[in-house]
Amino acid sequence: SIGRRKPTIFKLPEGPIDANLVTVMMPFDAGFNGVITALRSAVSAIGMQCLRADNIWDDNVIIQDVVKLIGTARVVICDLSGKNANVFYEAGIAHTMGQDVILIAQHESDIPFDLRHIRHIKYLPNEQGLKELEEKVSKRLQDLVWGRRE
């Protein structure tokens, strides 16, 4: 029996989960500025902190900072829009680590086959669509963090 192996590309974080942290995995592209603004508003509306990998530089190896963010966050939001390979990889890491993950996407076609069975939030990148995204993400965060409130 081989047993469980540890990753060789990065180290898994050993510290506790930060109950106040939501991390966002998304393309770093100016076209997503409205999206990150909406997500930060959704997160701050429930009193939590929102970070993405470009907000930190703790390690000289980028993937190590990404894995640390994923592993210490209470919730990970992954924007699959544009079929960004980095975001798919990060979603896989988050799922493997057992994190609560909220998938969002602008188009159904952005969601790969292996993730289509998981519920997601679809949004439009216009003013109304981003407002709805903010509301839906805030509601989902509340459900995940504090349980459903009827």
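The model is predicted, so local features need pLDDT of at least 70, side-chain atom pairs count only at pLDDT 80 or more, and totals for chains, interfaces and linings use all residues. Residues are numbered from 1 along each chain as its sequence is written, and side-chain values use heavy atoms, with hydrogens and water left out.

**Stop 1: the largest pocket**

Select F28, A53, I62, V66 and E90, which lie nearest the centre of the largest pocket among its 22 lining residues. On a 1 Å grid over the protein atoms alone, a pocket is an open set of points where a 1.4 Å probe fits, with protein on both sides within 12 Å along at least five of seven lines; lining residues have an atom within 4 Å of a point. The volume of this largest pocket is about 340 Å³, a volume being the space filled by probe spheres set on the points.

Next, colour β1 (18-25), α2 (62-72) and α3 (85-96), each of which supplies at least two residues of the lining. These elements are DSSP runs numbered from the N terminus: helices are H or I with at least four residues, strands E with at least two. The lining has 14 nonpolar, three polar and five charged residues. Here Ala, Val, Leu, Ile, Met, Phe, Trp, Tyr, Cys and Pro count as nonpolar, Asp, Glu, Lys and Arg as charged, and the others, Gly among them, as polar.

**Stop 2: helix α2**

Keep α2 selected. Nine of its eleven residues are buried, that is, under 20% relative accessible area with a 1.4 Å probe and protein chains only. Among the buried residues are V66, L69 and I70. Their cover includes β1, β2 (49-51), β3 and α3.

Now select T72, which is found in this helix and is buried, with a relative accessible area of 14%. A polar atom of the T72 side chain lies 2.7 Å from the backbone oxygen of K68. Leaving aside residues up to four places away in sequence, T72 touches P13, P16, I17, D18, L21 and Q99; contact means heavy atoms within 4.5 Å.

**Stop 3: the second largest pocket**

Select I102, R119, H120, I121 and R140, which lie nearest the centre of the second largest pocket; ten residues line it. Two or more lining residues come from each of β4 (100-105), β5 (120-122) and α4 (127-146), and β4 gives the most, with three. The volume of this pocket is about 250 Å³.

**Stop 4: helix α4**

Select α4. At 1.5 Å a residue, its 20 residues should span 28 Å, and its end C-alpha atoms are 28 Å apart, which agrees; the expected span is 1.5 Å times one less than the number of residues. Its buried residues, including L130, L133 and V137, pack against β1, α1 (33-45), β3 (73-79), β4 and β5.

At the N-terminal end, N126 caps α4, with a side-chain oxygen 3.3 Å from the backbone nitrogen of Q128. Just after the helix, G147 takes a positive phi of about 80°.

**Stop 5: Q106**

Finally, select Q106, in the loop between β4 and β5. Q106 is buried, with a relative accessible area of 13%. Its side chain makes a polar contact with the side chain of Y123 at 3.1 Å. Such a contact is a pair of N or O atoms within 3.5 Å; within protein, one must be able to donate a hydrogen and the other to accept it, and residues adjacent in sequence count only if both atoms are side-chain atoms. Beyond four places in sequence, Q106 touches F32, S81, K122, Y123 and P125.

Key: Buried < 20%, exposed > 50% of the residue type's maximum accessible area, 1.4 Å probe, protein only.
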